[in-house]
Amino acid sequence: MIFTVISQTFGFTGALCLLLYGMEMLSNGIQKGAGSSLQSLLRKISGNRVSAVLTGIAVTSVIQSSGATTVMVVSFINAEIITLTQAISIIFGANIGTTVTAWIVSFFGFSFSLQTAAIPLFGFGFILKYFKKFRIHNFADCFMGFAILFMGLDLLKSSMNLRPESVAFLNNFENLGLFGLLSGIIIGAFFTALIHSSSATTAIVLTMAANGSLSWNLSAAVVLGSNIGSTIDAVMSSFGANVNARRTAAVHVAFNVIGTLIVLCFFNPFLYLIDLIVPGTPQANITTHIAMLHTLFNVSATLLFLPFVDQIASIAKKIIKNSIKDEIAHYRLPAILPASHISSDLYYFQIQKEITKMAELVMEMMETLHKALNADGKTDEVIVKKIETDEEYIDEMNTGITAFLQKCTRLPDANHKKRNNLENLISVTQNLEELSDECLSMVHTICKFHSKTETKFLKMHIQELNTYFEQVYFFFDHTCSCIALGIPAENKIHTSGVVKKINTTKKELKKSSRKRLEDGSDVKAELNYMDLLRKIEKAGECVFRIVQSFAPAS
């Protein structure tokens, strides 16, 4: 007896792991094949709540994972790409989209031999891997994932073909009334949170219900609970994120919990409604009944709460307020890397946005330096403090972004081309940090230059240095635009022309300084002048390295 239990336990565990692996492979395969189009669809969503819901449905239906969609949404709101109301609407749609898996299992899982379909499907996917020339090899994992999912489901059916007496204890839940239903909901929520997949939980429920192990009422309770458990991805993604990301996760949990409690209050009428919609009795057609329950619950909850999205967002803001910790001027990377459902395209977009912010902050430092250089013989302490504060913040940005990019290069879907792009971004980030270091060094040199240079030499020196500094400044301004928009190939020629002009100016200014020394100019003034000239030159070299490093994603 004990060996039978152990055998069935290991068989169930193996089948479940195969099912989960198939789902993850399918999701990743579709994301790799679709490239950044799914993420683009999410981040470009309009303010219309209906279109946001439809987007959530579409994306989740395609990638077969509400967890993946939820993580994207939490990441986007954390990066301030979408608003809280848009995020809430998309998550409503994701809940509906995840019900597609139940219909696939219901229609195909019990009508023919899944193993017969899985083997040729896996073979077709494996062959696709070798068609790299036609760029269809990225969809190979999609077909192979479907095949593994089918095989896992087939094994699940075999491992859970239990004798009625071995699962008789499950019928005891039926006799417990409301407590029994609550127990079923808790089991569904806990198991889904444990395996991070409401789709897998639903597949197990469908399998057990089909072979008579679970009654219609208990199956319904477990499926309702799986909706609550599916919020685990949103909750985990919000750890360490900004306040709006935490609000989104809280709304996701509240939406599913409140929706489940409402259905629980009208449980029998709700099941009766499903019996009216689906032909046949629950005993004769239980898999379709369960799939319909899953869909009707999420559609009804969405229709109920969708008109109140603005009010829900307002309540979330009142409950989860901005804390002092959120207002501390330290950098926190908005991108979120979950344990699964990953796509480097999603993170490439977010990190590029962060690097653009980093470049803009360095640009502000350059503007402040320009003011310092022209500060009528003295550099305000406020200016120096601002440069020091900005430089510390950019150091934090460099540490966070570089570490995250290194993780992204190790993601499963990061091919050679994507890794090169990510490594280019690492180089850009580090060069931006070096440029900020040069700005800090330069502001102290400007202070020394102003204090040590006599007034009669100062005006002429500043005028010459301004000419050189402004060339580097405008070169970096052009580079910031390239970082934000991508560097077209034709702009390489323009860049080389700018660099040549800067080098020519540098040589002319150095030559002028040497001539003044020969004519008996003040040695200390000229040394300070040359020192500042070298600092500006180093800043220009940093900008040039940024241009050389940056390569737009394609």
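How accessible is Lys-357, and what does it count as? In this predicted model, Lys-357 has a relative accessibility of 30% and counts as partly exposed. Its value falls between the cut-offs of 20% for buried and 50% for exposed. Lys-357 forms a salt bridge with Glu-354, with N and O 3.2 Å apart. Glu-354 counts as buried, at 2% relative accessibility. Both residues belong to helix H19 (residues 344-373). They sit 3 residues apart, so about one helical turn separates them.

The count of salt bridges in the model comes to 5. A further one joins Lys-386 to Asp-390, and here the closest N and O atoms are 2.8 Å apart. This pair lies within helix H20 (residues 381-408). Lys-386 is partly exposed, at 33% relative accessibility. Asp-390 is buried, at 11%. The pair also takes part in a network of salt bridges, in which Glu-364 is linked with Lys-386 and Asp-390.

Another salt bridge connects Asp-310 and Arg-49, whose closest N and O atoms are 3.1 Å apart. This pair links distant parts of the chain, 261 residues apart. Asp-310 lies in helix H17 (residues 309-319), while Arg-49 lies in helix H3 (residues 49-63). Asp-310 is partly exposed, with a relative accessible area of 43%. Arg-49 is also partly exposed. Its relative accessible area is 26%.

Technical notes: Residues are numbered from 1 along each chain as its sequence is written. This is a predicted model: local features need pLDDT of at least 70, side-chain atom pairs count only at pLDDT 80 or more; totals for chains, interfaces and linings use all residues. Side-chain values use heavy atoms; hydrogens and water are left out. A salt bridge is a side-chain nitrogen of Lys or Arg within 4 Å of a carboxyl oxygen of Asp or Glu. Helices (H or I, at least four residues) and strands (E, at least two) are DSSP runs, numbered from the N terminus. Buried means under 20% relative accessible area, exposed over 50%, partly exposed in between (1.4 Å probe, protein chains only).
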